[in-house]
Amino acid sequence: MPVTLLGAAEIRALAADLDVTPTKKLGQNFVVDANTVRKIVHAARVQPGERVVEIGPGLGSLTLAILEAGASVTAVEIDHRLAAQLPATAARHGVPDGALTVVDADAMRVTELPGAPAVLVANLPYNVSVPVLLHFLETFPYLQRGVVMVQAEVAERLAAAPGSKIYGSPSVKAAWYGSWRLAGTVSRQVFWPVPNVDSLLVGFDRDEIERGDDALRRRTFQIVDAAFGQRRKMLRQAVSPLFGGTAATASVALEAAGIDPTLRGEQLTIDDFVRLARTVH
Ligand code: SAM
C-alpha cells in the first residue's frame with residue numbers, strides 16, 4: 001500500500017479531535033500543502049532505505065512525505081498529544097510497521113536517537129531553531145546532512161559568508177560543523193496558522209574532517225561570542241577579556257594566529273576563529 005499524504009481538511013480535523021490549538025510558544029505552524037512537504041523532501045535528496053530524523057513532526061504532514069519517499073523516520077515531538085497520535089495517523093496513511101519511531105521528548109534534551117539517522121529533515125519550531133540545530137550537530141556525529149525550514153532571516157544568517165552584514169555568531173558556529181546553503185523558498189500561505197514571518201529552506205552537509213575536540217569547540221565558540229558581542233569593535237578590543245585583558249595582550253594572540261588585530265569579527269572565517277582558539281591550547 002503506498003503512503004498517502006495529509007490534506008488541509010484532515011489536518012484541521014485531526015487538530016480538532018485532539019483539542020490542539022496551535023501555540024506560538026511551541027512554534028506550531030503546521031504545513032497544510034502536499035507540494036511543499038514533497039519539495040522539502042526533494043531538496044533533502046531523501047533516498048529509499050535512508051534513516052531520517054525529524055524534529056517536531058506535529059500532525060505528521062512532513063513525516064508522511066519523508067515516509068512516502070521510502071525512508072524510515074525517527075520523529076522527536078515535545079507535545080505529548082501530537083506524539084501519541086502520530087503512529088495512528090501513519091498507520092492510517094499506509095506507513096509500514098517499523099518505519100516510524102516516535103520519541104516523545106524535548107529535542108533540546110535528547111542525547112540518543114534510535115536508528116542513528118544520517119539525515120535531518122524538519123520544519124523547525126522557530127523559537128529554538130538555531131540552538132536545536134547546533135545541539136543535534138554536536139550530539140549526533142552520525143548526522144551527515146539535512147534540510148530544514150526556518151525563519152528567512154535565520155536561514156540567511158546560517159548560510160551567510162564572512163564580510164556580509166548578516167554574518168554572525170550562528171553563521172560561524174554552524175560552519176564549525178559543515179557547509180550551508182539556501183535551499184528554496186516557501187510561501188506563508190502553506191501554513192496553518194499563517195505566520196507573520198517568511199520562511200526559507202536551508203541545507204547543510206557535514207564536513208568530512210572534524211575540526212577538533214570539544215574543548216577546542218567550546219573555546220572557539222567563546223571567542224566567537226565575544227567577537228560578535230561587540231561586533232563594531234576591532235577584534236583586539238572585543239576579544240581582550242579572553243586574552244589577557246588588554247588590547248595589547250589580545251593583539252599578541254591575534255598576530256600569533258595570523259589575524260590582523262584591527263579586523264572585526266565579521267571578517268573572520270571559522271578557520272580563523274579556530275586558529276585563534278588554538279593559540280590558547
Ligand atoms: N512538522 C510539522 C509540519 O511541518 O506541519 C510541524 C512543524 S511546527 C513549525 C514545529 C513542531 O515542533 C510542532 O509540532 C511543535 O510541537 C514541535 N516542537 C516545538 N518545540 C519542540 C522541542 N523543543 N522539541 C521537539 N518538538 C518541538
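1. Which residues lie nearest the centre of the largest pocket? They are Leu-26, Gly-27, Gly-56, Glu-77 and Pro-125, out of 29 lining residues. The model is predicted: local features need pLDDT of at least 70, side-chain atom pairs count only at pLDDT 80 or more, and totals for chains, interfaces and linings use all residues. Residues are numbered from 1 along each chain as its sequence is written, and side-chain values use heavy atoms, with hydrogens and water left out.

2. The largest pocket holds about 430 Å³ of space. A pocket here is an open set of points on a 1 Å grid over the protein atoms alone, where a 1.4 Å probe fits, with protein on both sides within 12 Å along at least five of seven lines; lining residues have an atom within 4 Å of a point. Volume is the space filled by probe spheres set on the points, which are joined across faces, edges and corners.

3. Four elements each supply at least two residues of that lining: strand E1 (30–31), strand E2 (51–55), helix H3 (61–68) and strand E3 (72–77). Helices (H or I, at least four residues) and strands (E, at least two) are DSSP runs, numbered from the N terminus. The lining of the largest pocket divides into 16 nonpolar, nine polar and four charged residues. Ala, Val, Leu, Ile, Met, Phe, Trp, Tyr, Cys and Pro count as nonpolar, Asp, Glu, Lys and Arg as charged, and the others, Gly among them, as polar.

4. Helix H3 is largely enclosed by the rest of the structure, because seven of its eight residues are buried (under 20% relative accessible area, 1.4 Å probe, protein chains only). Among the buried residues are Ser-61, Leu-64 and Leu-67. Gly-70 follows H3 and has a positive phi, near 95°.

5. Now the ligand. Of the 22 residues around the ligand (a heavy atom within 4 Å), Val-31, Gly-56, Glu-77, Asp-106 and Ala-107 come nearest. A polar side-chain atom of Glu-77 is 2.6 Å from a ligand oxygen atom. An N or O atom in the side chain of Ser-61 lies 3.2 Å from an oxygen atom of the ligand. The protein buries 98% of the 590 Å² that the ligand exposes when taken alone.

6. The second largest pocket has a volume of about 280 Å³. Its lining has 16 residues, with Leu-137, Trp-176, Tyr-177, Arg-206 and Glu-210 closest to the centre. Helices H5 (129–139), H7 (169–177) and H8 (214–229) give two or more residues each to this lining. By class, the lining of the second largest pocket has five nonpolar, two polar and nine charged residues.

How values were computed. Buried means under 20% relative accessible area, exposed over 50%, partly exposed in between (1.4 Å probe, protein chains only). A polar contact is a pair of N or O atoms within 3.5 Å; within protein, one must be able to donate a hydrogen and the other to accept it, and residues adjacent in sequence count only if both atoms are side-chain atoms. Accessible areas come from the Shrake-Rupley method with a 1.4 Å probe; for residues, only the protein chains shown count as cover.
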